[in-house]
Amino acid sequence: MLTFDEYQQRVVAAMRQLPPRAVDLSGAAAGEADLLGLMTAQPVRTAVALPGFTNSAMDGYAVLAADVASAREDAPVSLPVVGEIPAGDTRSLKLAPGSCWRIMTGAPLPEGADAVVQVELTDGGLQQVQIREAVETGRAIRHRGEDVQPGDEVVPAGVRLRPRHLPALISAGVDEVTVVPRPRVAVVSTGDELVEPGRRPGHGQVVDSNAPMLAALATECGFEVTAVRRAGDTADAVRSVLSEVAAEADLIVTSGGVSAGAFEPMKLAFEGSDHFDFVKVAMQPGKPQGFGTLDGTPVFALPGNPVSSLVSFLVFVAPAGRVLAGRDPQLPTVEAAVAERWTSPPGRQQFARVVFDEDGRVVRPIGGQGSHVLGGLAGSQALAIVPADTTEVAVGETLRVIPLEGIA
Ligand code: AMP
Ligand code: MG
C-alpha cells in the first residue's frame with residue numbers, strides 16, 4: 001500500500017507542462033472566454049502608447065490655464081465656446097487663446113489647450129461660458145503614453161489570465177498572446193451496468209453519473225473536455241474506446257474497473273503492461289487506483305463509486321491537469337475547526353465530506369461516509385483531510401479542507 005502523498009507525488013511528477021501556443025486575441029476581443037484561466041507563457045508587451053492620444057479626464061471646457069488664472073466665484077472669467085468635442089471625435093482641433101472648447105471625458109484635447117475646467121466649476125454655457133475657478137496647467141488631462149509606453153510589459157509571464165487582464169491585452173495593439181493551452185481531457189466510464197444519462201435504468205442497471213460528473217469537474221478546473229464515452233466491462237471494449245479518444249486528449253480519466261472483482265476491465269486491459277500500475281493507496285475513499293500511459297497519453301483509472309471518483313479526481317487528476325496547464329498542482333485548501341466528531345479508518349488518509357457552519361470556518365460531517373452515498377455528496381461543501389494516523393476526529397480539532405465551491 002502506498003501512502004497518499006507517495007502516490008500523489010508519483011502521478012504529479014509524471015506530468016509535463018504542455019508546450020505554449022500563440023492564441024489569437026480575436027476571441028477574447030469578441031467577449032469569448034477562451035483565454036480565461038490560461039497561464040501566460042511569455043510577457044505581453046504593448047505595441048502602442050496608452051492612452052493613445054492626450055484626452056480629457058472630465059466633462060468640461062478645454063482652456064489655456066493662463067486664460068482662467070484670475071477666475072473666482074465672485075469674479076468669473078467669461079470665454080467664448082468655439083464648439084463641442086465629444087468622445088470619438090476624430091478631428092484634429094486647435095484652441096485659439098482667449099477661447100475654449102466644450103469637451104467630454106475621453107475626447108481628444110485640442111492642440112494648444114493645457115487644462116480642462118470641469119463643468120461643475122462653470123455655468124455650463126454653450127456659446128459663452130462663465131468659469132468660476134482658476135485651474136493649474138495639466139488639470140484633468142490624461143497625457144498620451146502616461147499609462148504605458150510602447151514596449152512596456154502589460155501582463156507578465158506566468159500569470160493566469162483573468163477578466164482584469166483583458167483591457168491591457170486587448171488595448172496593447174498585439175494580435176496574439178502566448179499561453180499554456182487548456183489540457184484536453186477525455187472521460188470514459190466503464191461498467192456493463194451503466195445506462196446513458198436520461199434513460200431509465202432497468203433492474204441491475206445504474207445511470208452513468210460519473211462520466212458527466214468527471215467532465216464537469218474537468219471543465220470547472222479550466223480543462224477542455226474532448227470526449228465523454230462509456231465502455232462495457234471487457235478489456236477490448238475499454239481498449240478500443242480509449243484508443244479512439246487518445247488522439248484528442250492530453251489526459252484520459254476513466255471510472256470503474258480497477259478493484260478486486262471478477263470483471264475489472266481496466267485491470268484486464270492494462271495489468272501487466274510496462275506503462276501501467278494498479279495500486280492500493282492508503283486513503284478513504286479511493287483505495288484502488290490505476291495510472292499509466294496509452295501511447296504516451298496519461299491515463300488515470302479511478303474507482304467507480306461516485307464519491308471515490310470525485311475525490312480521486314480532485315486529489316490526483318486536478319493536480320496533474322494543473323501541471324499540464326503550467327499551474328501549481330495543489331488545489332487551494334483552508335483551515336476549519338471540527339464541530340462534530342466522526343471516525344476515520346486507521347492507517348488511511350480520509351477525505352471526509354463535510355459542510356461548513358455559517359461562518360465558514362467550522363465543519364461537520366454530512367451523510368454516511370460510504371463511497372456510494374450520492375445524497376451526502378450533493379449536500380457536501382468541502383472535503384476535510386484527516387491524516388492517516390487519526391482514527392477519531394475530535395470536536396475543536398483543526399483540519400485542512402478542500403472547498404468544493406468553485407475549484408477552478
Ligand atoms: P467499480 O469500480 O467498477 O467496481 O464500480 C463500483 C461501484 O460504482 C458499483 O456499484 C458501480 O455500479 C458504481 N459505478 C461504477 N461506474 C459508475 C458510473 N459511471 N456512474 C455511477 N455509478 C458507477
Ligand atoms: Mg465496474
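In what sense do strand β22 and strand β28 pair, and over how many bridges? This is a predicted model, and in it strand β22 (residues 334-338) and strand β28 (residues 398-403) pair in the antiparallel sense, over 4 bridges. Within this pairing, glutamate 335 stands opposite arginine 400 in β28.

Strand β28 also has a link to strand β26 (residues 382-386): the two run antiparallel and are joined by 4 bridges. Here alanine 382 stands opposite proline 403 in β28.

Now let us turn to the ligand. Ligand 1 sits in the largest pocket, with 17 residues around it. Those that come nearest are Glu193, Asp208, Ser209, Gly257 and Gly304. By class, this shell is made up of 10 polar, 5 nonpolar and 2 charged residues. Two strands, β14 (184-190) and β16 (206-207), each supply at least two residues of the shell.

| Residue | Part of the residue with the N or O atom | Distance to a nitrogen atom of ligand 1 |
|---|---|---|
| Aspartate 208 | side chain | 2.7 Å |
| Serine 209 | backbone | 3.1 Å |
| Asparagine 210 | backbone | 3.3 Å |

How much of ligand 1 does the protein cover? On its own, ligand 1 has 490 Å² of accessible area, and the protein covers 75% of that.

Key. Residues numbered from 1 in each chain as written. Chains lettered and ligands numbered in written order. Predicted model: local features only at pLDDT ≥ 70, side-chain atom pairs only at ≥ 80, totals over all residues. Heavy atoms only, no water. Near = heavy atom within 4 Å. Polar contact = N/O pair within 3.5 Å; in protein donor to acceptor, adjacent residues only side chain to side chain. Areas by Shrake-Rupley, 256 points an atom, 1.4 Å probe, with all protein chains shown as cover. 1 Å grid on protein atoms, 1.4 Å probe; cavity = no way out; pocket = protein on both sides within 12 Å on 5 of 7 lines; lining within 4 Å. Sits in = over half its atoms within 2 Å of the grid points. Nonpolar A, V, L, I, M, F, W, Y, C, P; charged D, E, K, R; others polar. Pairing = 2+ DSSP bridges.
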